[in-house]
Amino acid sequence: MIIDTHCHIYNSEMENADEIIKEAAKKDIHIILNGTDPSSNEEVLELSGKYENVYAALGYFYSFADEVTDEDISLLDNQLNNNKVIAVGEIGLDYYHTKDNADKQKELFKKMLTLAQKHSLPVIVHSRKSIQDTYDILKEYDVVGSLHCYQGSAEMAKEFTIKLGFYMGIGGPITHNNNKKIRKMLKRIDINHMLVETDSPYLSPEEKRGEKNTSLNIKYIIRKIAEELDMEEIDVIKITTDNAKRLFKI
Ligand SMILES: [Zn+2]
């Protein structure tokens, strides 16, 4: 069993979502779908109800920070009671796309963390050009989770894994020829704090560049981790799957 701990395989993102999910099931790939706003959260709930190999992470992303209402928050609060929900995500801060609304992003992020605490759920966090703020906010809450598609420094990765008990989501960028920095970081973090993820339909691995990414490509990420850490693929699968099961209580 392999767990793709972060992706967006639903119809508003890719038209053949059902097909991909069924294909993944045949290969014993389990999928954690991440919503980012009320409509994608709805899609995630529907698919997780329909397929055994699909789990739901529900949340409001930085891109929803300017629009979110109190009603949206209480809707999410209710939806988190669904038994297929295993995390609050995708949530987080992104100053790469815009920093103009940083205060609103932070406010929304904190509301998401409060909900995660209330429901005793782990979080799936996105952070781009915002790693220090992400860290400073997370350390104020009693939550664990994954830092999805982390591409920062090895030093900061250690802060997250050791001090906060967080897990690092390793995805397509690890396979990209020019991304030496992330491969260097990989060697310095504890494999017991690593997860594998595709972020489909985004971040295709080197082998599939230019194509829409799917959970079926998780094998390229596993292969690369095994190569870099000089391990057997089967051991990488076993350890990262155990990590995901432990974190998300699957
Ligand atoms: Zn994502």
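The legends below describe close-up views of a predicted model.

Residues are numbered from 1 along each chain as its sequence is written, and side-chain values use heavy atoms, with hydrogens and water left out. In this predicted model, local features need pLDDT of at least 70 and side-chain atom pairs count only at pLDDT 80 or more, while totals for chains, interfaces and linings use all residues.

View 1. Helix α6 spans residues 154–163; helices (H or I, at least four residues) and strands (E, at least two) are DSSP runs, numbered from the N terminus. A154, M156, A157, F160 and T161 are buried in this helix. Here buried means under 20% relative accessible area, exposed over 50%, and partly exposed in between (1.4 Å probe, protein chains only). The exposed residues I162 and K163 sit on the face of α6 turned away from its buried side.

View 2. K163 and E159 form a salt bridge, with their closest N and O atoms 3.0 Å apart. A salt bridge is a side-chain nitrogen of Lys or Arg within 4 Å of a carboxyl oxygen of Asp or Glu. Because K163 and E159 are four residues apart in helix α6, about one helical turn separates them. K163 counts as exposed, at 57% relative accessibility, whereas E159 counts as partly exposed, at 27%.

**View 3. A salt bridge between distant parts of the chain.** The side chains of K187 and E228 meet in a salt bridge (3.0 Å, N to O). The pair is 41 residues apart: K187 is in the loop between α7 (180–186) and β8 (194–196), and E228 is in helix α8 (residues 218–229). E228 counts as buried, at 19% relative accessibility.

**View 4. The pair E206 and R209.** The closest N and O atoms of the salt bridge between E206 and R209 are 3.9 Å apart. E206 is partly exposed at 25% relative accessibility, and R209 is partly exposed with a relative accessible area of 46%.

**View 5. A network of salt bridges.** Salt bridges link E23, K26 and K27 in a network. The structure holds 15 salt bridges.
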